[in-house]
Amino acid sequence: MRDTGHLSTLQHGIYTLLMWHYYTTKKPLPVDTNQLSRIARVTADEINDLEFVITEFFQRKEEKLYSKRIEYEIAEAKERHQKAVKKGAKGAAKRYQS
C-alpha cells in the first residue's frame, strides 16, 4: 500500500492486472498499448490511467516493460522453488535408500 496509496481505484486495478499477467507469464509486459489495454481490461476512455500506471511502475527496455519489484519477486520464488526441490529430492533419497 505504501507504493500504491496514491492510485485511484481504477489505477490500482490496472496495476494489479498488469502484475498478475507479468507474474503468470514470468515475462516483461509488451509496450504496445492495444495489448496492454487487453491485459488490463481498459476502455479507450481509460487509456490515460493505463499510461499513468505504466509510467509510474514500469521501465521500458528493449521494447518491453520491466518492473524491478516483479523481477525480484519472480527470482525469489524461483529460488524458493529450487530449494524445495533439492530438499524434496534429498528426503526422497533418504526414504528410499536401502
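Rings of Phe, Tyr and Trp (its six-membered ring) pair if their centres lie within 6.5 Å; planes under 30 degrees apart count as stacked, over 60 as edge-to-face and the rest as tilted. This is a predicted model, so local features need pLDDT of at least 70, side-chain atom pairs count only at pLDDT 80 or more, and totals for chains, interfaces and linings use all residues. Residues are numbered from 1 along each chain as its sequence is written, and side-chain values use heavy atoms, with hydrogens and water left out.

**Exercise 1. Find the aromatic cluster and describe the pair Tyr15 and Phe58**.

Solution. 
- Step 1. Search the whole structure: 3 aromatic pairs turn up.
- Step 2. Take Tyr15 and Phe58. Their centres are 6.3 Å apart and their planes 65° apart, an edge-to-face pair.
- Step 3. Tyr15 sits in helix H1 (residues 9–25), and Phe58 in the loop between helix H3 (47–57) and strand E2 (59–61). The pair links distant parts of the chain, 43 residues apart. Helices (H or I, at least four residues) and strands (E, at least two) are DSSP runs, numbered from the N terminus.
- Step 4. Check burial. Tyr15 and Phe58 are both buried. Buried means under 20% relative accessible area, exposed over 50%, partly exposed in between (1.4 Å probe, protein chains only).
- Step 5. Name the cluster: Tyr15, Tyr22, Phe57 and Phe58.

**Exercise 2. Work out how the buried residues of H3 are arranged, and what covers them**.

Solution. 
- Step 1. List the buried residues of H3: Ile47, Asp49, Leu50, Val53, Ile54 and Phe57.
- Step 2. Look down the axis of H3. The buried residues fall within an arc of 165°, so they line one face of the helix. The arc is that of the directions from the helix axis to the C-beta atoms.
- Step 3. Turn to the face away from the buried side. Asn48 and Thr55 are exposed there.
- Step 4. Find the cover. It includes H1, helix H2 (33–40), E2 and strand E3 (64–66). Contact here means heavy atoms within 4.5 Å.

**Exercise 3. Which residues form the salt bridges, and how exposed are they****?**

Solution. 
- Step 1. Apply the cut-off: a side-chain nitrogen of Lys or Arg within 4 Å of a carboxyl oxygen of Asp or Glu. The structure holds 2 salt bridges.
- Step 2. Take Glu63 and Arg60. Their closest N and O atoms are 2.6 Å apart. Glu63 is partly exposed at 48% relative accessibility. Arg60 is exposed at 55%.
- Step 3. Take Glu79 and Lys83. The N to O distance is 3.4 Å. Both lie in helix H4 (residues 68–95), 4 residues apart, about one turn of the helix. Glu79 is partly exposed at 38%, and Lys83 is exposed at 53%.
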